[in-house]
Amino acid sequence: MTASGPLIRLEGICKSFGTVLANRDVSLTIESGKVLALLGENGAGKSTIMSILAGQLQPDSGAIYLDGRQVILSSTEKAIKAGIGMVYQHFKLVSAMTVAENIFLGRGGIWLNWSRMHREVAALAEQYGMKVNPAAKIGDLSMGERQQVEILKLLHRRSSILIFDEPTAVLTPREADNLFDTMRLMTASGKGIVFISHKLEEVMAIADTVAILRRGEIVDTLAAADVHSPAELAERMVGREVLLQVERIPQEPRQIVLKVHELQDAVLSNVNLELRQGEILGLVGVAGNGQKQLVETICGLRRPAENTIRILGMEWRKFFRKADWERTLAYVPEDRQGLATCQGLTLLDNFLLTTRGGFVRGPWLMRHLAEAKALHLIEEFDIRPPDLAAFAWQLSGGNLQKMVLAREFYRKPRLIVAEQPTQGLDIAAAEDVWNLLLKAREASGILLVTGDLSEALALSDRIGVMYNGRIVDLFAVEDEEKVALIPQMMAGLSTTTDRHLATF
Amino acid sequence: MLRMRITKRQEPLGIGGSCFVLLTALSLSLLVSAVLLYLGGTSPIRGISVLFQGAFGSRYALEDSILKAIPIFLCALGVAVAFRLKIWNIGAEGQFALGAIGATWIALSFPAWPKFILLPAMIGMAMAAGGLWGLIPALLRQKLRTNEIIVTLMMNYIAILFLDFLVYGVWKDPTSFGFPMTPGFSEQAIVGKIGATAVNWGLVHCLVLGTLVFFFFRFTRIGFEIKASGDNVRAARYAGLPYDRLVMLVMVMSGALAGWAGFLEASATVNRLQPSIMVGYGYTAIVVAWLARLHPLSIGIAAVLLAGLRVGVESLQLDLQVPAAFGGIIEGLILLTVLAGGLFTHYRLVPRKH
């Protein structure tokens with residue numbers, strides 16, 4: 001096992017949920033002693049492929065080979081026995097128990113030999129350069145230390161393949177450096193590592209091989225040594241080819257519907273933008289560079305400093321105090337299940353969630369009036385099942401998104417904030433959404449936040465690029481010179497001067 | 001051995017299935033109770049039959065069960081309103097006490113007022129006092145981020161001690177030979193009995209209030225907003241629902257309904273204020289609300305059932321010398337089995353394939 005060579009091989013893995021292809025013909029090789037980075041935007045299919053490896057999901061077709069023999073990982077137990085270990089983003093530790101207890105949890109046997117447990121854990125930690133006290137309670141540890149316990153758990157089981165799902169998301173930069181040191185020690189002892197991330201610098205720093213996933217497919221597999229800059233990765237990750245044909249008729253921009261002026265918070269720094277009725281402003285960037293904070297602030301979920309945001313001519317506070325349900329702001333969030341809908345309520349009640357203002361007479365809610373409208377929308381948007389009494393949790397992701405879009409467009413908004421509106425939709429449904437957005441543009445200004453550059457380029461009149469909490473640049477989509485520089489901007493490489501190259 | 005696996009249902013469980021699960025759960029809790037009776041040296045069959053006879057087997061028993069079901073129903077209706085918003089009001093007991101105190105205050109201060117003014121005034125004060133007792137934890141929760149479970153629970157003890165303070169002190173009846181109780185209410189301050197039965201008009205109050213709560217959730221905007229916010233707080237903020245205000249509102253409604261129950265208990269049942277009215281109806285109400293899945297009609301059924309249990313256990317104690325604590329055990333068992341059965345509304349067991 002110490003010699004380098006393929007540990008596990010995926011061949012032609014396909015997996016679909018309903019009409020959405022989450023993985024299409026994915027082939028990967030995980031080698032002993034190497035770090036394979038899996039790069040892709042949210043929803044590109046990274047988690048699906050890893051869940052298949054961890055035995056949580058079964059592929060529709062394709063095969064998995066372990067040391068050259070085909071295996072079927074029908075359960076998580078089988079995956080663990082096959083030596084595949086996952087370090088999840090959300091740790092699975094018992095916080096009232098000690099480090100050593102957590103590591104030995106579920107390992108069988110009746111008698112506990114405390115001194116031997118502590119000795120083994122300490123030796124293992126030492127071997128991989130971790131400083132963990134086996135007797136410490138999990139609840140007292142930092143996020144970085146907890147992650148080390150998760151890793152020790154896998155090492156103690158002698159897992160030969162360790163999968164890290166965005167491991168640095170919860171770490172401080174210093175802790176992240178420690179993690180990379182540990183990873184190098186692990187590969188030196190012959191383990192194979194899969195590193196899932198969308199942080200380009202980290203991928204460049206640690207990976208031997210980079211596989212890039214987009215819309216469920218591996219679009220590229222390249223040796224890290226051949227990658228010269230993060231911009232190259234960004235470009236491959238977001239794609240450039242226009243895979244959609246939508247007709248965008250130029251509109252005369254009219255009054256300003258959204259004005260953000262020197263917005264600052266813990267993440268954002270000095271964000272300025274203006275959005276007019278009749279235009280789509282596409283905000284692109286690698287996830288986690290402040291898009292979420294900006295959108296949540298504009299849409300009323302975070303409180304900005306006074307006089308930094310004006311919506312439809314009103315100061316933020318006044319807008320959210322006074323705003324009517326229709327002809328104002330509609331927000332189509334990325335998180336459909338957790339934010340845009342109530343999973344335990346019916347379709348009708350979910351339809352009423354933001355449109356209830358239109359069906360109120362005094363204290364009463366006129367459900368029968370809403371029913372007629374909602375049925376009409378279900379038909380128009382082809383939402384399945386076409387049943388107002390169905391619960392939101394029974395709908396697939398795509399149908400839920402169509403429901404949210406139907407509801408939000410019904411409000412005839414003047415300002416639309418659409419966050420990853422086509423993520424998880426099949427191509428036909430995505431095209432419908434694109435056409436809807438273009439049509440809505442006639443009456444409203446649209447802020448389109450997306451990780452899919454081809455989507456942004458096809459729909460937007462102007463493009464803004466976010467990096468590290470700032471809007472690096474804002475330009476018309478016709479400006480080909482700037483468009484060509486988008487990957488550099490997304491990777492944080494300065495395009496005007498060469499003063500601050502991203503450090504990693 | 002057959003190994004089972006839990007999988008999520010694609011369709012929610014229908015009415016028939018739900019009833020089957022509920023009946024199975026109730027039978028299971030009775031079965032375990034029977035085993036406990038047997039272990040305690042009592043014939044289980046005799047014990048269970050005495051329990052049912054004592055609860056519903058005679059006119060007197062049935063009337064007593066319904067009498068006890070009235071305060072339980074109103075308290076349960078109250079906590080159900082708060083539970084809809086996932087605000088865990090454990091304070092019905094204290095809000096009930098405050099309601100009784102508020103009603104008593106009016107009854108003792110203005111005994112000569114005519115009935116049609118005095119009773120509404122007592123109800124109004126009972127609701128205000130109970131509502132205030134509910135509002136305090138709501139304010140603390142939204143302003144200072146305290147945990148409403150702890151605060152409402154602690155405020156129960158404050159309320160009960162305050163009631164004791166009044167009946168042992170300023171409100172004590174000078175002719176009561178030292179017993180802690182207020183003077184009896186005037187004729188105008190008493191909610192009477194229905195015809196020749198032992199059941200008071202509070203039963204009608206329950207029917208009206210239960211219907212109102214049902215309509216409130218079914219047809220009003222605020223009822224909808226409470227339901228939606230209870231399902232997903234983040235979606236509530238997304239949709240601009242006034243969550244803070246809804247929390248205050250449900251706690252006031254919850255407290256007011258429990259306060260109404262306190263009014264009925266003081267006015268109709270004992271005709272005065274005395275510590276013996278505090279027998280844990282507010283806690284039983286929590287069990288009732290959960291058993292009924294917060295639905296007003298089901299709360300009515302569950303309230304009669306658990307009130308009957310209280311009455312039946314008295315017979316069990318008299319006839320078969322079974323300790324009174326047995327009632328609490330059955331109540332707990334019913335809650336456990338029914339809640340465990342709730343798993344089947346969203347999941348089902350399938351045999352594991354190899």
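Two residues count as in contact here if their C-beta atoms, placed from the backbone, lie within 7 Å. With that in hand, look at B:Ala76: setting aside neighbours within four places in sequence, its contacts are B:Ala285, B:Val288, B:Ala289, B:Ile299 and B:Ala303. Keep in mind that this is a predicted model.

**Nonpolar core**
- The largest nonpolar core runs to 246 residues.
- B:Ala76 turns up again here: together with B:Val288, B:Ala76 has the most contacts inside that core.
- Those two also touch each other, as B:Val288 is on the contact list of B:Ala76.
- If you want the top contributor, go to helix 10 of chain B (residues 243-270), which gives the most to this core, with 16 residues.

**Where chain B meets chain A**
- Chain A puts 23 residues into the contact, and chain B puts in 15 residues.
- On the chain B side, the elements giving two or more residues are helix 8 (221-231) and helix 9 (233-238) of chain B.
- Sorted by class, that side of chain B has 7 nonpolar, 4 polar and 4 charged residues.

**A sheet in chain A**
- Chain A has an open sheet of 4 strands, in the order 12-11-14-15, with antiparallel pairing.
- At the edges sit strand 12 (271-276) and strand 15 (314-315) of chain A, each pairing on one side only.
- Strand 11 (residues 256-263) of chain A runs antiparallel to strand 12 of chain A, and 5 bridges join the two.
- To find this pairing in the viewer, pick A:Val260, whose bridge partner in strand 12 of chain A is A:Leu273.

Definitions and conventions
Residues are numbered from 1 along each chain as its sequence is written. Chains are lettered from A and ligands numbered from 1 in the order in which they are written. This is a predicted model: local features need pLDDT of at least 70, side-chain atom pairs count only at pLDDT 80 or more; totals for chains, interfaces and linings use all residues. A nonpolar core is a set of buried Ala, Val, Leu, Ile, Met, Phe, Trp, Tyr and Cys residues joined through C-beta atoms within 7 Å. A residue is buried if 20 or more other C-beta atoms lie within 10 Å of its own, exposed if 12 or fewer, and partly exposed in between; C-beta atoms are placed from the backbone. Ala, Val, Leu, Ile, Met, Phe, Trp, Tyr, Cys and Pro count as nonpolar, Asp, Glu, Lys and Arg as charged, and the others, Gly among them, as polar. Two strands pair if DSSP finds at least two bridges between them.
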